[in-house]
Every structure is written in structure tokens, then in C-alpha cells.
Amino acid sequence: MIRICDLDFAYPNGPFRLRLPELQLPRGTHAAFIGPSGSGKTTLLFLLGGVLTPRAGHIWAGELEITALEEASRRDFRLRRIGMVFQEFELIEYLTVRDNILLPYRLCRRLRLNGAVVRRAEALAEKVALGDKLDRFVDCLSFGERQRVGLCRALVIEPELVLADEPTAGLDPASKALVVEALLGYARSSGATLVMVTHDGDLLPHFDQVIDLGSFQEAKP
Ligand code: ADP
Ligand code: MG
């Protein structure tokens, strides 16, 4: 489902370089990206989601080459087909939990908001113990609650690819278990591909592939 070939990425204003000759994740894979801070885990997730584009190389999601798309089509593809859980949540403070979860439907005209979608959003919130907070504004939620809003927003579109950036970082054990179960449960039942960046060694047995980004860093001269 995901294929990377001769990827070469650099930020315009920094020395960081990510080179990845080849990576393949068959559809339905549950993969973990690990590696030290600064090794490019978030960068690679953003490249897979089409948020960033490489200098050279190719990334395919199924039959579609993300790296060949124009910016507007890449954004459309991301909003409709990829569930992204951001390291810093990226929630909208002045919207309620419900409206934050439904945000993809406001941002992408090709996603149709209807009663079934609203019920799905509410069921997801229920699953991660946010059912009683749907009408709250996110600025009065705890860290762990905000993380779970981001998770529901990623899953509400029923994505074929879920990219989750350290979704359990800083969570208490109970919230962590809810988040992991929601992500893995969704991936298992839908057949979606899941890529999770994590520092939690105890989660690694849940994954079919563990990719250490530290091992792709260039040797310093
Ligand atoms: P990780 O998620 O593994 O901690 P990142 O992918 O966030 O690492 O960052 C990899 C490297 O790229 C780091 O050295 C970081 O400082 C650098 N970096 C991240 N974002 C930018 C940016 N927007 N511009 C320049 N350099 C960046
Ligand atoms: Mg990161």
C-alpha cells in the first residue's frame, strides 16, 4: 500500500537531510517508526501524508503516486483518505469537541457531512471516553482529552491510511490504553494501514514492522 523509492528530503532552511532508498508497507500493515528525537520521524510522516514534498524520489499510496500530485490534489487526498494524528494535536480552540472532530468535513468539499457521519463522530468520542464532552470547547480540556479529540478527527473519515505522531506521549496509562485500542482496533477492523511514531517500547509487540529512523541518518564526517 505504501511504497517509497529513492526518497531525498531536506528542509529549505536547515541541515537536516532524510534519505530513504526503499520502504514498502503492504496494505493493512501496522508499522511503528522509532528513533531518537530529531531523527526525522515527524518529517517522514508528513512526507507520507503529502504535507511535505521531497527534493527527489517517489511515494505511492496504493496506485496513487502522492509525489506526482499538485498541491491542491495532495491536500484533497490527505483530507479524504488519510487520518493524521498530529504530535501537537492542531485543534481549533474556538470550536467544540464535536466540531473539531468533524473538521475534515468543513475543509474538504468532497467529504459529505450527514447524520451518519455525526453519529460516527459521536460513537468515536464515546469509545475514547469523550462522549460527555462533545459540546465543550477544546481549550478547557486536559492534555489527554485533547489528544483523543485529535484521534477521533483522524478516524472519522474512515481513512485507508492512519498516520499517528506519538499519540500516546505524555498520557496516563488509562488514556494510553484507550488511544492504542482505538487506533489498532480501527486498523484491524477496517484493514487500514497504520503508521505510528512512538517511544513506547512496550507498544512495539503490537506492530508487524518496526522501522528505526535513527538507522537512516547519514554518518557524520
Ligand atoms: P523527530 O520527529 O524524529 O523528532 P523531526 O522530523 O521533527 O524529528 O525533525 C527532524 C530534523 O529536522 C530535526 O533536526 C529538526 O530540527 C529539523 N526540522 C524540523 N522541522 C523543520 C523545519 N520546518 N525547518 C527546518 N528544520 C526542521
Ligand atoms: Mg516528532
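**Ligand 1, shell.** I sorted the shell around ligand 1 by class and got 3 nonpolar, 7 polar and 1 charged residues. Here Ala, Val, Leu, Ile, Met, Phe, Trp, Tyr, Cys and Pro count as nonpolar, Asp, Glu, Lys and Arg as charged, and the others, Gly among them, as polar.

**Ground rules.** I am working on a predicted model, where local features need pLDDT of at least 70, side-chain atom pairs need 80 or more, and totals for chains, interfaces and linings use all residues. Residues are numbered from 1 along each chain as written, chains are lettered from A and ligands numbered from 1 in written order, and side-chain values use heavy atoms, without hydrogens and water.

**Ligand 1, contacts.** I listed the surrounding residues (a heavy atom within 4 Å): Y11, N13, F16, P36, S37, G38, S39, G40, K41, T42 and T43. I then looked up distances to oxygen atoms of ligand 1. A polar side-chain atom of T43 lies at 2.5 Å, and one of K41 at 2.8 Å. G40 uses a backbone N or O atom, at 3.0 Å. The protein covers 62% of the 560 Å² of accessible area that ligand 1 has on its own (Shrake-Rupley, 1.4 Å probe).

T42 sits in helix α1 (residues 41-48) and Q87 in the loop between β6 (82-85) and α3 (97-101), 45 residues apart. Helices (H or I, at least four residues) and strands (E, at least two) are DSSP runs.

T42 counts as partly exposed because its relative accessibility is 24%. Q87, at 34%, is also partly exposed. The class lies between buried (under 20%) and exposed (over 50%), with a 1.4 Å probe and protein chains only.

Definitions and conventions: Polar contact = N/O pair within 3.5 Å; in protein donor to acceptor, adjacent residues only side chain to side chain.
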